[in-house]
Amino acid sequence: MAGATQPETLGLGLKRKVHHTYIWLGGLGAAFWLVVVLGAIGAGIMGELFEDGDLSPAALGLSAGLMAGGALTVIAMAVGLGIGLRALSYKHLWYELDSSELGVYSGIISKKRTHVPYQKIQSVDLKMTLVQRILGVCNVVIDTAGGASNKAVVIPYLSKQDAQALKSELFQLKNASVAGVPIAQPPAGGPALDFAPPSGQPVPVAAPAPQTGNVLDIGSEAWDQFGGVFASQGAPEPEAASFEYGLSNKEILLTGISNSSGVIAGVVGAIIGGLATIVPILGSVTSSTPGAYETVSQMAWGALHAFLPAVVLGVLALALVIWVLASGAACIQYGGFRARRRGTRIEVERGLLQHNSTSLDIERVQSVIVKQSFIRRLIGYCELSLGKVSAAEPGSGQDASNAKSADASGFVIHPFLKLDRVDEVLHGMVPEYADLPADEERLAPVALRRGLVRRCVLFGGGFWVAVVTALAQWALHALGDAGALEGFDEAAFVVDGVALALYVVAAIVLVFDVADALLWFRDSRFAMARRMVSFTNGGLSKDMVAVPRTKVQFASAKTNPLQRRAGTSTVAATTAAGIGGTRTALVDVSADAAERWLGWAEPHRP
């Protein structure tokens, strides 16, 4: 293998600027929020003037005109100031590649230089908002995953072609650095070096998967052909993929439907909004009108009988509309989905409007995660993802305190995969992690009783709804019998009716809790092989996490007093996945199985 490469090929030592959209697009972004704030303030002031009624229509029009003119002046000044500051910042923002690292320079008064050694680079992601995609620019996020408080390096506003070229160069230089190949500036005309992946990092050998696609891929291809307003030619040809797939029409539709949990929030929000509007009106009427309580009660009861079907149909229609909208949004989110394996890294791109292209070096993979929600479990599908070491992106608000929730889904490599295709995709995308263990350790027999108590009583929603309802019903009747609640005799049937409805709800929830506990006992287990361990937590939903032995940072087996009495233990493995690490646990395995787990986790010398 040659020991040098052309400077024209990699552009070593050259100062590179970001795209000029950094200047004016940033200034316009600041002005947008200023318009929102000034619009809200102006609307409030005009509302007060209209409510007072002291001004004539002509005076109100003049006031509105003066306010609009003042607002436009402030906005113009803010845009000018924002663009001026961004232009000054632009002069001091650049990046360069040298023989050992990427350097990013920024700062006007306080100068900052960020060093990124090629060998430490773990991923190079391209992220585009809708406006950036129209313009043909994107942000490049470089992750070294150097610890719980590590921050990713962001190079903003590169043209799409420059970003793709930088990504290709960085991975080429990383491979050379890991392989120990010296990077130098050869004489003009010297051979260009095409660095191969370093030895010791296996590359999957698999036939490319069938090129599945869906109707939204047409829009994605149109975006690619358009490129953007500032699009240009010259992006390097990417490394050939050894395994690649997309989503079929059926898969993307079911992905949208199964991810539409927003319908619940929408219906609840509509109900809360309606109550927030109606309750104050009824309270005002009943407090200001003698005898209004009985009148309002009679009117409400009559209206309930008359309009209950319409109300139910209205709520169902609202739920359907929100469900359709949420499904469409999820489909757009996964529009243009492609997943592929290139050398030692995994790449996933998705998004019809906002587009993200993310990569993951195989070294960063900590676990394989197979997740099945209740609906997906019924129809035999799952979400396939990889636990990974993460870094917080500056300005994202993501840190170690919320890492667990932020990385709950991991690195999704297929959002809606038929369960019997999991092995096929794993062997194509991550063959290093595809040999899932088969020798399973089931839960202790006593775990069924403990699971029923824990899931149906201690943390059972149905049980506690029934308990709280019974206590409230008893307290209201006691106060009514004591004469503390005026007119309770007339309203007692309403209280009992509501309580009966809550008891029905509690019974339904309790049935689900019992089913969840039974399925948890039947399906939960862990399995150990020479190289990997897997933890499966069952229930109405089901998760399986497989972790290589080399990625287990901490192995534990803990017992509380009740577990010691029952002869069970909680086994857990902690990996570096996420920003602050991830703990995967299984409750109530037998004491003997826990001992075997600790023995498996002990370091084995060659």
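Biologist: How many aromatic pairs turn up in a search of the whole structure?

Modeller: The search finds 13 aromatic pairs. Keep in mind that this is a predicted model.

Biologist: Let's take Tyr22 and Tyr157. Why is this pair called edge-to-face?

Modeller: Two values describe any pair of aromatic rings, the distance of the centres and the angle of the planes. The centres of Tyr22 and Tyr157 are 5.8 Å apart, and a pair needs centres within 6.5 Å. Their planes stand at 75 degrees, and over 60 counts as edge-to-face, so edge-to-face is the name for Tyr22 and Tyr157.

Biologist: What makes this a link between distant parts of the chain?

Modeller: Tyr22 sits in helix 2 and Tyr157 in strand 7, 135 residues apart.

Biologist: How do you know whether Tyr22 is buried or exposed?

Modeller: Its relative accessible area is 9%. Buried means under 20%, so Tyr22 is buried. Tyr157 has 13%, which is also under that 20% limit, so Tyr157 is buried too.

Biologist: And why is the pair of Phe243 and Tyr245 stacked, tilted or edge-to-face?

Modeller: Edge-to-face: the planes are 70 degrees apart, with 5.9 Å centre to centre. Phe243 has 4% relative accessibility and Tyr245 has 2%, so both fall under 20% and count as buried.

Biologist: Which residues form one aromatic cluster?

Modeller: Phe526, Phe535, Trp597 and Trp600 do.

Biologist: What makes you say that the charged end of Arg549 sits over the ring of Trp600?

Modeller: The charged end of Arg549 is 4.3 Å from the ring centre, and the distance limit is 6 Å. There is an angle condition as well, within 35 degrees of the ring normal. Arg350 is placed over the ring of Tyr334 in this way, 4.5 Å from the centre.

Biologist: Now the inside. Which residues have the most contacts in the largest nonpolar core?

Modeller: Leu102, Val140, Ile142, Ile155 and Leu170, in a core of 31 residues. Helix 2 and strand 7 are among the elements that give two or more residues to this core, and helix 5 gives the largest share, five residues.

Biologist: What does Ile155 touch?

Modeller: Leaving out residues up to four places away in sequence, Ile155 touches Val18, Tyr95, Leu102, Val104, Cys138, Asn139, Val140, Ile142 and Leu166.

Biologist: Which residues does the second, separate core include?

Modeller: That core has 30 residues, including Ile252, Val365, Cys382 and Tyr433.

Note on methods. Residues numbered from 1 in each chain as written. Predicted model: local features only at pLDDT ≥ 70, side-chain atom pairs only at ≥ 80, totals over all residues. Heavy atoms only, no water. Core = buried A, V, L, I, M, F, W, Y, C linked by side-chain atoms within 4.5 Å. Buried < 20%, exposed > 50% of the residue type's maximum accessible area, 1.4 Å probe, protein only. Helix = DSSP H or I, 4+ residues; strand = E, 2+ residues; numbered from the N terminus. Contact = heavy atoms within 4.5 Å. Phe/Tyr/Trp six-rings, centres within 6.5 Å; stacked < 30°, edge-to-face > 60°.
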